[in-house]
Amino acid sequence: MSGNGLIRSIQSLLDSEQRLRDQSQFDRLRHQMSDVLGDGGILKEVVQPGTGTPIPSNASVLIYYSGFLEYADEPFETNTNFKFPRMMKLGRDVTLAGLEVGLLTMKKGEFSRFLFNPQYAFGDLGCPPRIPAASVVLYEVEVLDFLDSGQVDDFIELDLEAQNAAPLSTLLEVVNTLRSFGNRFFRQGRFDSAKDRYKQAVMLLGNREMQSDPEKQSIRAAELPLLLNLCFTALRLDSPHKALKYGKKALEIDSGNTKALFRCGQAYLELQEYESAQHCLLSAQAKKPFDSDINNLLMKVALCYRDSLDKEKDMYSKMFSGMRGK
């Protein structure tokens, strides 16, 4: 290579490095992103792939997200500070067009970055004072979970005749989604919301006109965990009478179910019906003799029962002592 050629090569390399230095943060990101729609308005980089199928439209999603302006060290909005982010329904709670489109490309467990041009974010006007006019924004999104709530919405809108005409598998999928919603609310301590989802699922099962014994068995099998969850939720809501009602319904389906026996024992204990509590717990213990929860609650019932008898004995002793004094 001649001296002039070497100089030109070095100059070209220096020019390339200078161009890279002159690029903005977002420009450098664009080079490693894919174009979601083909118009350059939504760019995506998958940082951690997810598993399963992409999020369906009208789903309810549980995500962590943070939005950034270029050169900003802190997000202008984020929900990563919440231990339990709220469930958001696509088309209703997710209002940023680019974010909704981006979510439909994601899977459970995925972590991705998105660049949204103004038309897919906050528009030409922005959102003063936080978002300047015509801003390109970066969103980092992690999908924790999602539920196909669109299927639930469509099924509930049907009349009873149409619901009964639907395949049993569809009903069971809807019920399972409602139960998953309830479980999510329960773990967040939102017990009233959990109760409402469980009751809605039980109602849908109860509305089914069953034609065959296998279908009846499937319905009862789907109803049992819902009744157990309702029983547990009622205990958390300090409603032992309702807990007992749901526990007894669960025992009608499976008379030896240890969870139902245990939770009925808890309900009877709260109602201070110690003999009934002991009966339920001894039945549960016969099924699982080494279960520490059952054995510990049995000891608690025995102690409470003994204290109750001692107080009753003391009350009668004082009463009769007063009568003798008179």
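View 1. The protein chain exposes about 18900 Å², of which carbon and sulfur atoms supply 51%, the areas coming from the Shrake-Rupley method with a 1.4 Å probe, with only the protein chains shown counting as cover for residues. This is a predicted model, in which local features need pLDDT of at least 70 and side-chain atom pairs count only at pLDDT 80 or more, while totals for chains, interfaces and linings use all residues. Residues are numbered from 1 along each chain as its sequence is written, and side-chain values use heavy atoms, with hydrogens and water left out. The chain holds 12 helices and 7 strands, which are DSSP runs numbered from the N terminus (helices: H or I, at least four residues; strands: E, at least two). Of its 326 residues, 38% count as buried, that is, under 20% relative accessible area with a 1.4 Å probe, protein chains only.

**View 2. The largest nonpolar core.** A nonpolar core is a set of buried Ala, Val, Leu, Ile, Met, Phe, Trp, Tyr and Cys residues joined through side-chain atoms within 4.5 Å. The largest one has 53 residues, and Leu171, Leu205 and Leu226 touch the most other members. Among the helices that each supply at least two residues of this core are α6 (168-187), α7 (191-207) and α8 (213-236), and the largest share, 10 residues, comes from α8. Apart from this core lies another, of 24 residues, including Val61, Val94, Leu96 and Tyr120.

**View 3. The surroundings of Leu205.** Leaving aside residues up to four places away in sequence, Leu205 touches Leu171, Leu172, Val175, Ile219, Ala222, Glu223 and Leu226, where contact means heavy atoms within 4.5 Å.

**View 4. The packing of α6 with α8.** The axes of α6 and α8 come within 11 Å and cross at roughly 15°; axes are lines fitted to C-alpha atoms, for helices over the stretch in contact, and angles run from 0 to 180 degrees between N-to-C directions. α6 is therefore roughly parallel to α8, a term for angles under 35 degrees. Among the residues making the contact are Leu171, Leu172 and Val175 of α6 and Ile219, Ala222 and Leu226 of α8.

**View 5. The packing of α6 with α7.** Here the helices pack at an angle of about 165°, with their axes 7 Å apart, which means that α6 is roughly antiparallel to α7, the term for angles over 145 degrees. The contact includes Leu171, Leu172 and Val175 of α6, together with Leu204 and Leu205 of α7.

Terms used: Buried < 20%, exposed > 50% of the residue type's maximum accessible area, 1.4 Å probe, protein only. Parallel < 35°, antiparallel > 145°, perpendicular 65-115°, else oblique.
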